[in-house]
Amino acid sequence: MKYSKDFYQKILEASHDEICVSDKNGVIIFCNKSFEENYGILKSEMIGKNVEYLENHGYATKSPIPLVIQSKNQVTVEQETHTGKNLLITATPVFSSNGEIEYVVENVRDITELNKIKTKLQTTEKEMHKYKSEVETFYRTTLKYEDNIISDGPVMQNIIHTADQVAKANVNIMLLGESGTGKSSLAKFIHQHSSRSNGPFITINCAAISPQLLESELFGYTSGAFTGASSKGKVGLVELADGGTLFLDEIADIPLPLQSKFLQLIQEKTFLPVGGIKQKKVDIRIISATNADILSKVKERTFREDLYYRLNVIEIKLPPLRERGDNLLNLIRYYFKKYSIQFDMKDKILSDEAIKFISSYNFPGNIRELQNIMQNIVLTSRSNYIDINSLPEKIIYTIKNNNSGRNDNLSVYNNSFISNDASKTNHSIESKTVNFSIDNNINSKIIENSQEKNLISFSKVNDVKFCIDEDNLQDLDSIIYNFENKVISEYYRKYKSSYKIAQILGISQSKASRLIRKHIKK
């Protein structure tokens, strides 16, 4: 078959890649149309010119042809042109019969788009590393738990032992207890002591999200699943927990229609995103928690019985602070130290008397309320040595008011003086308390029947007639004022020193001076 004379010319011109040929001196003797697109210069202008013309006149960076002529080897380089293109050029020498270079043939490929994709990929990889680092940091941060606190004391030791034992088994666990008792901390403890510790720990509060949004938050949704949905769809928390632990707080608040979906998740480890048509498979462990009477909800048929038993394979109940004995005392010490360091008030000391006094409180808000109270004490107490009198008046009032409804007037200290042995027996609380008397003044000093800290006890201070005039009945504020007046007067008559009075009453010297100015006429 015969071909026309311009057969090869047509083929070279049709090539998407640039073809450029120079002689042994680097003078261009041929180039196709792609050359014009790459450099923005006509072929006719370049034929007969040395390839270095392109570099010298700013059309492109260095050409590989001079390198080939010098080395007599094939050379590949990347080149940038003034048209904004990135070119990958492979220049190959063509030798004559005597071994000399006769021509140099360039094969030139436009890699501009490829480089853009490469740059975008590198940027994406950097972002992925960044997000991965942030996620790992998030996991480490959210998984911090105060192991040394929640495990102190015999009550919590048993719970921690149980949690550590069941953590190693891949079963679902339900945590019960009042709000603020540390259920989320215990869930993190279980995760960290399980074989899933390197996986994610994902938390969702089922009561904090509206029932309409809860399904999409948990299971995600596909593109266009509902009005307002992201066009890209969304990955749900269940999928994010794959390979780790899903912690469902306030599980009792999951809407009844959504509970059947959880059954499928537990039984088959699969779920269907909102608007999806294909099931997704995950490997997760579920830890649930609630402060509600979930069995009552089962009886009322507002919580599925079959779901309850699948979630409650192992049940751990966290007692409130008021039932934790020594653990409460240790928590008070821990948080006082923690906030003293945090607020740069390291010189402050909390007396054992104050600790016992604080521990007499019921703490209906449990650990969260304890944290608030300890921050209040650290930040607002004026004295570095904090005993009962140095506690903020709001705290003293709160504790006294909380205990005012009890039957015996020794209840301020009752629970805190019980020994470990006594807590295991039915010995009466009264037999383990320290004898003391306490007046009705919020700012007054508890006077113990001991000589600790050189406290002086005046017998008439304990006499109700000391502060109440039976012939002239007064309101409570007047009675308190009279009592404070007579106590300060007695001590000032004895010592004549604000420093000594402050030391005896356990208050700051400035407060003692104010009380002296208030009650002593000079």
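Which residue forms a salt bridge with E178, and how far apart are the closest N and O atoms? I looked this up, and R322 is the partner, with those atoms 2.5 Å apart. By salt bridge I mean a side-chain nitrogen of Lys or Arg within 4 Å of a carboxyl oxygen of Asp or Glu.

I noted the ground rules. The model is predicted, so local features need pLDDT of at least 70, side-chain atom pairs count only at pLDDT 80 or more, and totals for chains, interfaces and linings use all residues. Residues are numbered from 1 along each chain as its sequence is written, and side-chain values use heavy atoms, with hydrogens and water left out.

I found 15 salt bridges in the structure. Then I went back to E178 and R322. E178 sits in the loop between strand 6 (173-176) and helix 9 (183-192), and R322 in the loop between strand 12 (314-317) and helix 15 (326-342). They are 144 residues apart. Helices (H or I, at least four residues) and strands (E, at least two) are DSSP runs, numbered from the N terminus.

Next I checked exposure. Buried is under 20% relative accessible area, exposed over 50%, partly exposed in between (1.4 Å probe, protein chains only). E178 is partly exposed at 29%, and R322 is partly exposed at 36%.

I also looked at K518. K518 forms a salt bridge with E484, the closest N and O atoms being 3.2 Å apart. K518 is in helix 22 (residues 509-519) and E484 in helix 20 (residues 476-495), so the pair ties together parts 34 residues apart in sequence. K518 is partly exposed at 47%, while E484 is buried at 12%.
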